Every structure is written in C-alpha cells, then in structure tokens.
Amino acid sequence: MTTKHFIIATAGHVDHGKSALVKALTGTDPDRLPEEKKRQITIDLGFAALGLIAPNGNKIHAGIIDVPGHEDFVRNMIAGVGSIDLALFVVAADDGWMPQTEEHLQILNYLGVQHAVIAVTKSDVGQVDAVTEQIRERLSGTLFAESPIVPTSVMTETGIHKLVNTLATQLATIEIQRDIGKPRLFIDRVFTLHGTGTVVTGTLTGGSLHRGQHIVVYPTNLETRIRSIQSHGQELELAQPGMRTAINLPDCRVDQIKRGDVMTLPAHGTPTSTLIVRLERMSRPNGDKTVAHPLKNGSCIYVHHGAARVAARIRFGENGSLDAGKEKLARLKLISPVFAFIGDRFVVRDSAERHTIAGGIVLDPDGDKESLEGVVAPENVGSLVRATLARLGFERRENLLSKSRFSADEISEALTDLKEKGRIVLCQNIAADCEFWRNLRTRAVGLIDATHKESSARAGIDVGELRSALRIQDVEMFESLVADLCKEGFVRKGSVIARTSHRATLPVHAQPVEKRIREALAGQPFDPPSRKAIESDPQARQVVRFLIEDGDVTDLALDVLLLRESFERMKSQVIEFISKNGPATVSQLRQALGSSRRVVVPLLERFDREGVTRRAGDKRTLCDG
Ligand SMILES: Nc1nc2c(ncn2[C@@H]2O[C@H](COP(=O)(O)OP(=O)(O)OP(=O)(O)O)[C@@H](O)[C@H]2O)c(=O)[nH]1
Ligand SMILES: [Mg+2]
C-alpha cells in the first residue's frame with residue numbers, strides 16, 4: 001500500500017504555541033536556530049514529520065512546516081505556506097484572535113489553502129469556549145468556516161491525541177497533489193553539508209524529480225544535475241509532489257541559489273517579469289488595519305509567489321483603486337522574474353512590509369504581449385485553451401499553456417476535442433482560433449486571386465510576397481497556413497502558391513519575345529548569354545519570370561539562366577564524367593561540358609546543395625545514393 005504525502009503548515013499569532021504543538025505532535029522541536037532558542041521565538045521556518053493512519057487504515061505522511069508568528073517575520077511565514085495541503089491554524093485560549101491570527105488567515109485564504117484544522121492552544125490557562133466562539137465568528141465566510149476546532153494543551157497533553165486523529169481524518173479526505181509532469185521545487189533553504197556540498201530544500205509540486213536528473217534553477221538559469229534526494233532524512237530515488245524535498249547539488253555553490261528560486265526541468269518555459277493577474281481583497285470585519293491600506297493604480301508592493309518575494313508595481317486596466325471585497329484585473333511589473341504558471345496564487349504586501357493587502361491568481365505569466373481584455377480564470381483546460389487562442393490568435397502546440405497547471409496530455413486531449421467540435425483549428429504544429437484563421441485564409445486567398453487576375457502571366461504569388469503582405473512574422477505559422485491552403489484548391493509550385501485551377505498564360509503580344517528568349521538560351525545551351533543581356537526590356541523581364549515560375553527556365557545565379565532541359569543534360573554529363581574519370585576539378589568539368597566558369601561554378605554549387613556532388617578539396621566527387 002502506498003503512503004500518501006501531504007504538507008501541513010502552522011499559522012497563527014506570535015507566542016500562541018505553534019512550535020510547542022509541533023513538538024508535542026512529532027517529538028521534533030522545529031525551532032532550530034540558536035537565536036530562536038535564546039529569544040524563545042520562531043524566526044524562520046522549522047520542519048518536522050508526522051506519520052498518521054487514516055480511518056481506513058491507509059498510511060499518511062505529513063511534512064510539517066512550522067512558521068513564525070511575529071509580525072516582523074510574516075515574509076518567512078508566507079514562504080512556508082506557498083504550496084501546502086492543510087493549515088494547522090493556532091489560536092491561544094488565553095489571548096484569542098490577534099493581529100497576526102487575522103493576517104495569517106488572510107494569507108492562507110489568498111493562497112487558496114482549502115483545508116485547515118484549528119487548535120485552541122493553552123487550553124489549560126485560557127477560556128476555550130469564548131475563544132472557540134470568537135474563532136467561529138472570524139472564520140465565517142472564509143474557506144475555513146467549517147473547519148474542525150480542537151482545544152489542546154501541551155502542558156496537560158489535553159487534545160493532542162484528538163488533534164492527531166482530526167488531522168488524519170481531514171487529510172484522508174484530501175486529494176494528493178496532482179502530478180502533471182511539470183515539477184517545481186520552491187526553494188526555501190540553501191546550505192552546505194560537510195562532505196556533501198550544496199543542499200537545497202523546498203516543497204515539491206506539479207511533478208516528480210529523480211536522482212541524476214538534469215534540472216534548471218530559475219530565475220538564474222543555473223543548469224545542473226541532481227546527485228541525491230532526501231525527504232525527512234530518508235534517501236529517495238524519486239521525490240513526488242507534496243513532499244518536503246532536500247536535493248544535493250554538488251556542482252553548485254551556496255551563493256548561486258537563494259530562497260525563492262525555483263528548481264524545475266528545462267522544458268517548461270522560462271521566468272517572466274510581467275504577469276497578468278486577478279487581484280482580490282477580502283472583505284473583513286471592522287477594525288482590521290490590513291483592509292484600510294489603499295491599493296491604487298501604480299502602487300509599489302511586494303508579491304509573494306512560491307517561496308519568493310519580489311518588489312513590483314501594479315497597473316490596473318483603468319485608474320482607481322481596489323476596494324475590500326472586490327477584485328480587478330491587473331498587470332504586475334516585477335523587478336526580477338518569477339517562474340509562475342497560470343493558476344498560481346500569490347500574496348500582495350505593502351512596500352514597507354507591514355500589511356498584507358491583497359492576493360491574487362496568475363492569469364497569464366507572459367503578460368507582456370496583450371491587453372487585459374479577454375483574460376479568463378483557468379476553470380477548465382478546454383475553456384482556457386479557447387480563451388488563450390482567442391486572445392493570441394495562434395500558438396505552437398508545445399508552447400500552448402506550457403506554463404499552466406494542466407499536463408501536456410490534458411492540453412493535447414483538449415485540443416483534439418475542440419478541433420473535432422470545430423471550435424479551434426489545428427494545422428501541423430499550430431493551434432489557432434477559428435475566426436483568426438478564417439480571416440487569415442480569406443486574406444491569403446484574396447491576395448492569390450488578385451495576383452491571378454492582375455498578372456495572368458505569373459504562375460501565382462511568391463510565398464515570400466504573400467507572407468509579407470499578410471504581415472506574418474512567424475515562419476512556422478505561415479508554413480501551416482500554406483499547408484492548410486494546399487489541402488484543397490491551392491497548390492505550391494517552387495516559390496509560388498496558386499489556385500490549382502490557375503494556368504499561367506503569356507499575353508499574345510509577348511509570345512514573340514518568349515520565342516526570342518528560348519532561342520537565345522537554346523543557341524548556346526551550356527553557356528548562354530547573361531541574364532542582363534536577355535532581360536533587355538520590361539517585357540523580357542516579365543517573360544523570364546513567367547518561364548522561371550513555369551519551370552522551363554532555371555535561374556542558376558544572379559546573372560545565369562539555363563533552360564531546364566540544358567540543366568538536366570549538364571547534370572547527366574557531370575555524373576557520367578565523374579563516374580568514368582573519378583573526382584574532377586571545376587576546370588576539367590568546364591572543358592568536358594564546353595561551358596564557362598561563370599556557369600559551371602554556380603552549377604556545381606547547386607549540385608552540391610541538391611546532393612548530386614560533393615566538394616572534396618578542389619575536386620567534386622559524386623554523393624552516394
Ligand atoms: N500553559 C501553556 N503554555 C503553552 C502551551 N503551548 C505553548 N505554551 C507556551 O507558550 C510560549 C510560546 O510557545 P511557542 O510554541 O514558542 O509559540 P509559537 O506560536 O511557536 O511562537 P512564534 O513561533 O514565535 O510565533 C512558550 O513559553 C510555551 O511554553 C500550552 O498548551 N499551555
Ligand atoms: Mg514558533
């Protein structure tokens with residue numbers, strides 16, 4: 001039977017007994033720093049592990065993160081609760097609801113933490129009933145309104161057993177974290193172990209990491225390999241989502257990595273500094289100082305994402321501010337990049353780091369390119385795919401929603417499904433919005449038809465000309481469009497695209513010119529007159545273009561035209577000569593063909609490109625096969 005892994009973090013006001021409770025539950029004192037022991041206060045994150053048995057007998061392993069309650073260390077607290085499954089929310093019976101009880105509650109709600117168990121600590125010295133009532137009142141309307149409340153005392157050991165059972169019962173109902181094949185380890189500690197080298201720890205989400213794997217650390221782009229993995233002191237081959245994970249990176253120095261960095265695989269996009277987000281402010285009971293703090297357009301704030309804290313500026317779509325109980329779309333300009341996914345949640349604090357003022361959800365981590373219009377919350381993969389394509393027009397399949405909380409398979413299935421329902425277009429490697437694609441096709445067809453109408457002597461429109469007329473920068477997308485057109489009704493011939501039904505014809509008055517040109521080229525087939533001499537007037541230029549597009553004439557170099565037939569004959573003769581006489585120089589081949597360097601040099605270069613010949617020193621040999 002496999003053990004389910006979860007992460008629990010404590011939360012609550014300073015001195016309310018969080019660390020003492022963790023020690024009573026696990027036997028581990030999470031306060032490990034000498035200064036913490038001296039001041040009897042938690043400063044930074046502490047860690048412990050708790051083995052539990054679910055009511056159905058299944059094993060549960062919970063990694064516990066103990067956070068500081070003091071208002072000076074809220075920043076550390078947020079780094080600890082970024083990706084937890086359940087909060088162990090602590091309120092002391094002798095003190096009741098206090099400022100950081102409130103602030104921590106808001107932080108957990110902004111981060112979307114869905115589950116909590118509430119411990120009314122110090123039940124031996126406080127008023128359990130009154131405080132329980134106060135807690136229920138403060139939690140009403142929040143995600144924890146229905147969470148169980150357990151009175152505890154570490155002095156008398158009251159309620160500890162019940163708390164263990166409550167945690168087990170609650171965790172048993174929670175889905176384990178999803179493995180979407182996109183692991184992110186939000187690094188919260190970096191240190192050196194004597195004889196082992198650099199170790200980073202964090203909470204792993206989104207996918208697994210295994211020993212020997214090649215990884216990248218963002219935002220520094222540090223690429224390295226995992227030497228070994230541990231979770232709560234146990235060596236592992238593989239760390240799974242929802243595990244506290246320690247990773248040994250012997251090839252890195254400690255000063256190359258810091259708290260807030262993200263370890264991931266190189267294939268899932270890069271960090272960015274502009275996020276499109278939906279910001280929200282909770283509406284909380286009166287007298288709460290955190291609600292009063294203004295959040296205006298242009299405000300400088302701190303964004304807490306994962307274990308990172310980054311200064312940023314807020315831009316709302318229009319001027320104004322975000323009031324309590326409201327939400328608004330905004331763009332966040334960060335001073336340094338974060339590796340965020342669509343659907344990630346974050347916390348916003350003021351620039352002086354005194355108040356938690358808002359929270360939000362990332363709607364687009366690549367927020368540079370488009371307006372705030374049409375950005376949607378990621379409810380399900382299908383609607384997200386459609387909304388994304390509606391905004392972007394098109395995207396490469398492998399890039400579409402790569403930074404989202406959906407797996408590549410889920411995205412791929414959604415694409416196929418939407419295509420079958422006619423809601424999106426899939427063409428080669430491009431996924432596109434139907435309307436966008438239809439418009440593009442209509443414009444392309446219009447340009448092709450206009451070319452046919454205006455210049456019937458031309459085989460069609462040059463693809464490069466079509467691309468620039470459509471103003472398409474992306475070559476791959478353009479190639480998909482051409483391929484789509486060529487599925488029905490259109491054809492690509494060399495460098496032009498045309499209606500299948502189109503036959504290029506020269507106007508009657510140009511036919512004598514055509515005759516003259518053909519004769520000039522046929523007169524000295526292997527050493528014809530220069531292109532300049534042949535294209536003596538605009539009409540001759542038009543005819544030459546017609547003959548090239550039609551395939552009867554090859555333009556070998558800027559100034560060299562050959563009849564296709566001469567080109568093919570020269571090819572056979574070169575092959576025959578080399579087969580008979582072995583590798584040959586330009587000059588030998590020139591003599592054999594009775595041609596000139598002007599023609600033979602570009603001719604052989606063309607044969608090299610076509611894989612007919614190969615250059616070895618100053619000689620040409622034949623390519624095998
Ligand atoms: N009487 C009594 N005292 C307790 C109980 N739990 C904790 N304490 C005391 O409360 C004080 C604070 O306990 P901690 O566990 O350090 O509190 P904390 O919430 O971790 O504090 P910070 O991490 O600094 O926010 C210590 O002196 C504990 O001995 C309890 O159940 N009963
Ligand atoms: Mg503590």
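Cysteines, then the ligand site

Author: C623 is partly exposed, with a relative accessible area of 23%, where partly exposed means between the limits for buried, under 20%, and exposed, over 50%, with a 1.4 Å probe and protein chains only. C434, by contrast, is buried, at a relative accessible area of 19%. The model is predicted, so local features need pLDDT of at least 70 and side-chain atom pairs count only at pLDDT 80 or more, while totals for chains, interfaces and linings use all residues. Residues are numbered from 1 along each chain as written, chains are lettered from A and ligands numbered from 1 in the order written, and side-chain values use heavy atoms, without hydrogens and water.

The closest cysteine sulfur to that of C434 belongs to C427 and is 12 Å away, which is too far for a bond. Across the whole structure, a search finds zero disulfides, a disulfide being a pair of cysteine sulfur atoms within 2.5 Å.

Turning to ligand 1, 17 residues surround this molecule, and the closest are K18, S19, A20, T42 and V154 (a residue is near if one of its heavy atoms lies within 4 Å). Among the polar contacts, which are pairs of N or O atoms within 3.5 Å, a polar backbone atom of S19 is 2.8 Å from an oxygen atom of ligand 1. For D15, a backbone N or O atom lies 3.0 Å from an oxygen atom of the ligand, and for G17 a backbone N or O atom is likewise 3.0 Å from a ligand oxygen. Of the 650 Å² of accessible area that ligand 1 has on its own, the protein covers 82%, with areas from the Shrake-Rupley method and a 1.4 Å probe.

Notes
Polar contact = N/O pair within 3.5 Å; in protein donor to acceptor, adjacent residues only side chain to side chain.
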